[in-house]
Amino acid sequence: MSTTLVDMGARDRRSDKDADFSAYMSARQAALYRTAYLLAGDHAGAEDLLQTAFAKLYLSWDRIRDREALDGYVRRIMVNENNSLWRRAWKRREHTTDTIPETGAVDTYDDGMGGALWSFVQTLPPKQRSVVVLRYYEQLSEAEIADVLGISVGTVKSQASRALAALRARAPHSLNPHESGDDAR
Amino acid sequence: MSPTPLEDQVHDALHRTAEPLQRAPFTVTDVRARARRIQRRRTAVAGAAVAAVLAIAIPVGAGMVGPGPRSDVPPATQPPAPRITGTVRIDPLSASVGAATTVPLINVDEPSLTVDGETVDLPRRYDQLTPYVEGWIGIAFTDDGGGRAVQVLDPDFRVLDEAAPASGMVVSADGSRIAWASYDGSRWVVVDRDRDGSREERQTPLAPGPQDARVRPVGFLPGDALLVARTDPSGQLESAIVVGPDGTTSPLPDTLALGSASDVTGLVSMKTSVTADGSCWEVRDAGAGGAVAWQTCDYSLLGFSPDGRHLLGFTDYLTPEGSPTLAVLDAATGERVLDFELVGSRTSVVGIQPEVGWEDDETVVATLVTGDRQYVVRLGLDGTVERVGGEAVEVEPGDVSLKLAAPSVVQQ
């Protein structure tokens, strides 16, 4: 079977797409992995989130005109995937019948106040946690968070408020507003 | 939002946790392999949908152009939604096929659960299912007469605990809490639990009474309260009870049936009178002693959006076939925001089932029956109508097979 010009054109386009996508992945994978880790709370979950997000981005690559918006797309997919209670339950069901791939990863963080706060952040409901990660790690505005999560700015504010209240309630005394100076503001 | 010391500490903690991570575990080959899996699943779902409706020709590659599936790659910035005037018609045969819904579906005839386009067989018939701790909580049918049991299940749907008879269950808007009621032999007990099992369950026994004075949770209210409906067995009318976080109960008077509750705004909807050809409903503020916010005799008011801003209005005379129309109303004022009407509603028996779900603050997922087929559709507040792929099934007249696994509106 001879190779046609149409075949060659398709191959060239695929090659260009893969090169562009590869360049984006090389540049941004490590940074986006950190966000995935904060959302998922462990390395296996982070890898799953990020790979799914990259895969969905790859499938939509040709439709995305604004290359400046790529990180936002990936973040949005990761947050939506991570917030799906059903997706998490589905994964658990798969894991009870399939072998869980062992990553051998060891979580690393300090064991002082940062470690304590991080452990409290991990106990927040997924939507509150997403708001916390997007606000205090990604440093997005409330409007940007609303856009990523597909919710209103008011809901972002209420989720953030509930998350901080929960952290205050669970955190050690050194984070109590009376000792940290919150009351002074 | 000016930073407080706690916010500064959260910022620092997240950065200290994340910054040491220098991982780049994937190659483009890995990502392409995952993309192929996703694409195969989407193709299978879309193919099943096309086969089900038999006669719709979709051009090759149609799924690869135009706007992406709602849940995957949205635009970077959302333009303000245009104000839709007039009525949006729902025609499942001509609607575009959208991405699989994030609202899971149960097929009660051939017991199975579909999540994000993937289906697994269920070991028994369930009316509702929702994730709980490491497994699930399900409302199982115990007989053909509407009997139900609440079951705590492991990840593979093995029963760990069971109570019967039980009501349907409701889930809070943020998904963190689940509630149901079960009968202990002398009284109905309202139970609510944190989904992650982090708090001990709260049990609120109601006044002793017969089993057929059925109790069901209608929805959560702000401050860990619950709106509960209790049926009067003689007239099948429902009275309203607010269960407080401390287990206290207080009635909301003058109701005939309960519709929905918002745990964001504290508004509740309830039927308060019947007319010659329909019914009248009120929206009340449970936080203000049940003060009436507004009333209507045009709609049955069911289903607040997760953010509490909108409320769904079905026909004021609901039948088992459902409603031929669906209005999206401003929950605070009752002003109509958008009208949907099912194609064929004036010439044949068709209906939107009232057990709908909100995918997000702007999107409703509903099942509808037209002719002998049941479809799942996604309705946007911007007036978009999509058929959710792969979900058209044959049904007997007056029957439904597909149900939302955890609907926003629970009627039983």
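I took axes as lines fitted to C-alpha atoms, for helices over the stretch in contact, with angles from 0 to 180 degrees between N-to-C directions.

This is a predicted model, in which local features need pLDDT of at least 70 and side-chain atom pairs count only at pLDDT 80 or more, while totals for chains, interfaces and linings use all residues. Residues are numbered from 1 along each chain as its sequence is written, and chains are lettered from A and ligands numbered from 1 in the order in which they are written.

**Entry: chain A overall**

I looked up the elements of chain A and found 9 helices and 0 strands. Helices and strands here are DSSP runs numbered from the N terminus, helices being H or I of at least four residues and strands E of at least two. The pattern along the sequence reads α-α-α-α-α-α-α-α-α. Chain A has 185 residues, and 40% of them are buried. I used these cut-offs: a residue is buried if 20 or more other C-beta atoms lie within 10 Å of its own, exposed if 12 or fewer, and partly exposed in between, with C-beta atoms placed from the backbone. For contacts in chain A between residues at least 6 apart in sequence, 62% join residues at least 24 apart. A contact means that the two C-beta atoms, placed from the backbone, lie within 7 Å.

**Entry: helices of chain A**

I checked how helix 7 (residues 142-149) and helix 8 (residues 153-170) of chain A pack, and got an angle of about 100 degrees with the axes 8 Å apart. Helix 7 and helix 8 of chain A are therefore roughly perpendicular to each other. On the helix 7 side the contact is made by Glu142(A), Ala143(A), Ile145(A) and Ala146(A), and on the helix 8 side by Val153(A), Val156(A) and Lys157(A).

Next I checked helix 2 (residues 43-60) of chain A: its 18 residues reach 26 Å from first C-alpha to last, close to the 26 Å expected at 1.5 Å a residue. The expected span is 1.5 Å times one less than the number of residues.

Helix 3 (residues 70-83) of chain A has 14 residues and reaches 20 Å, close to the 20 Å expected. In helix 3 of chain A 11 of the 14 residues are buried, so it too is largely enclosed by the rest of the structure. The buried residues include Tyr73(A), Arg75(A), Arg76(A), Glu81(A) and Asn83(A).

**Entry: chain B and its sheets**

Chain B holds 2 helices and 32 strands. Of its 412 residues, 45% count as buried.

I traced one open sheet of 4 strands in chain B, order 6-7-8-9, with antiparallel pairing. Its edge strands are strand 6 (126-132) and strand 9 (159-163), each pairing on one side only. Neighbouring strands are turned by 20 degrees against each other on average, direction ignored. Two strands count as paired if DSSP finds at least two bridges between them. Strand 8 (residues 148-153) and strand 9 of chain B pair over 4 bridges. Val152(B) stands opposite Asp161(B), and Val150(B) has Ala163(B) as its bridge partner. Strands 8 and 9 of chain B form a hairpin with 5 residues between them, and Phe157(B) in the turn has a positive phi of about 70 degrees.

A further open sheet of 4 strands in chain B has the order 18-19-20-21 and antiparallel pairing. Strand 18 (257-261) and strand 21 (291-296) are its edges. The twist averages 25 degrees from one strand to the next. Strand 18 and strand 19 (residues 267-274) of chain B pair over 4 bridges, with Ala257(B) opposite Lys271(B).

**Entry: cores**

I looked for nonpolar cores, meaning sets of buried Ala, Val, Leu, Ile, Met, Phe, Trp, Tyr and Cys residues joined through C-beta atoms within 7 Å. The largest has 88 residues, and Leu226(B), Leu227(B), Val228(B), Leu368(B) and Val377(B) touch the most other members. Beyond four places in sequence, Leu227(B) touches residues including Val218(B), Val242(B), Leu258(B) and Ala286(B). A second, separate core of 50 residues includes Met25(A), Leu38(A), Ala46(A) and Leu14(B).

Key:
Parallel < 35°, antiparallel > 145°, perpendicular 65-115°, else oblique.
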